[in-house]
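Please load the model in your viewer and keep the selection tool at hand. We will walk through it stop by stop.

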Amino acid sequence: MAWIPRAAAAEAGATGNLGPFEGGVSRGVSANLCEALAAIIEASQAEVLDLGVSWSSNRHAPPGVPDRVIVSSDAVPVLRGAGRALRERQPDEDFELEGWVVGLSRDVAAEQGEVTIQAQVGGGWRRVRVELSGTAYKAAIEAHDAKRPVRCRGTLVKEGRGYVLKQARSFEVEPVEGGT
């Protein structure tokens with residue numbers, strides 16, 4: 001079944017649920033697409049955006065893909081909101097996380113463990129879960145005990161209402177000012 005921006009915007013506008021946009025991600029819907037449709041409508045000051053696609057004679061349209069899409073200007077706020085929401089859910093591939101270790105968790109016999117780092121993410125202070133190897137986890141314990149900031153890089157992903165830094169690397173404890 002094709003993803004239709006007009007129908008998705010109408011449903012999301014009526015229910016406040018962006019599910020129709022999230023459900024379209026597997027079919028090519030993205031934050032960029034939603035923002036671009038909104039920008040085209042705004043820039044042209046059109047009441048209706050009517051996009052048509054002509055397929056090459058030697059390439060047929062994939063099944064269920066429409067060759068015409070119509071979006072009205074009243075969908076712009078919903079498209080903008082969907083763009084923001086989808087962008088927030090997109091992984092940030094090389095995110096530098098800087099903050100303080102506020103939680104430690106690992107199995108008794110395990111070398112690695114999960115730490116929670118309080119850091120600036122998306123314009124506010126958030127708790128971010130990070131899985132660390134044995135040596136990095138030991139350094140996180142020391143940073144927690146000494147109340148020293150830490151830094152690491154990885155892929156930041158929004159999961160539910162929280163954040164997770166996956167494939168964490170380059171874990172460092174900030175040096176004490178004036179010391180080593």
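**Before you click**

This is a predicted model, in which local features need pLDDT of at least 70 and side-chain atom pairs count only at pLDDT 80 or more, while totals for chains, interfaces and linings use all residues. Residues are numbered from 1 along each chain as its sequence is written, and side-chain values use heavy atoms, with hydrogens and water left out.

**Stop 1: the whole protein**

Start with a cartoon view. You will find five helices and seven strands; here helices (H or I, at least four residues) and strands (E, at least two) are DSSP runs numbered from the N terminus. Followed from the N terminus, the order is α-α-α-β-β-α-β-β-β-α-β-β. The radius of gyration is 22 Å, well over the 16 Å that the globule rule gives for 180 residues, so the protein is more spread out than a compact globule. That radius is taken over C-alpha atoms, and the globule rule is 2.2 Å times the number of residues to the power 0.38. Along the principal axes, the C-alpha atoms fill a box of roughly 65 × 35 × 30 Å.

The accessible surface comes to about 11,200 Å², and 50% of it belongs to carbon and sulfur atoms; areas come from the Shrake-Rupley method with a 1.4 Å probe, and for residues only the protein chains shown count as cover. Of the 180 residues, 33% are buried, where buried means under 20% relative accessible area, exposed over 50%, and partly exposed in between (1.4 Å probe, protein chains only).

**Stop 2**

Select Leu97, Ile117 and Phe171. These residues have the most contacts inside the largest nonpolar core, which has 21 residues. A nonpolar core is a set of buried Ala, Val, Leu, Ile, Met, Phe, Trp, Tyr and Cys residues joined through side-chain atoms within 4.5 Å. The elements giving two or more residues to this core are β3 (92-105), β4 (113-121), β5 (124-132), α5 (134-146), β6 (150-159) and β7 (162-173). The largest share, five residues, comes from α5.

Which residues does Phe171 contact, leaving aside its neighbours within four places in sequence? They are Ile117, Leu132, Ala136, Ala139, Ala140, Val150, Arg151 and Cys152, with contact meaning heavy atoms within 4.5 Å.

Next, select Ala8, Val29, Ala38 and Leu79. They are among the members of a second, separate core of 19 residues.

Cys34 is buried at 0% relative accessibility, and Cys152 is buried at 1%. A search of the whole structure finds zero disulfides, a disulfide being a pair of cysteine sulfur atoms within 2.5 Å.

**Stop 3: β1 and β2**

Show residues 48-52 and 68-72. Strand β1 and strand β2 pair in the antiparallel sense over five bridges; two strands pair if DSSP finds at least two bridges between them. Leu49 stands opposite Val71 in β2.

Beyond its neighbours up to four places away in sequence, Arg68 touches Asp50, Leu51 and Gly52. For a sense of scale, draw a distance from the C-alpha atom of Arg68 to that of Arg169: the two are 101 residues apart along the chain and separated by 46 Å.

**Stop 4**

Glu98 lies in strand β3 and is partly exposed at 42%. Leaving aside neighbours within four places in sequence, Glu98 is in contact with Gln118, Ala119, Gln120, Val150 and Arg151.

Glu174 sits in the segment after β7 and is buried, with a relative accessible area of 18%. With neighbours within four places again set aside, its contacts are Arg148, Pro149, Val150 and Arg151.

**Stop 5: two positive phi angles**

Finish with the backbone. Lys147, in the loop between α5 and β6, has a positive phi of about 55 degrees although it is not a glycine. Lys147 is exposed at 68% relative accessibility. Ser170, in strand β7, also is a residue other than glycine with a positive phi, near 55 degrees. Ser170 is partly exposed at 48%.
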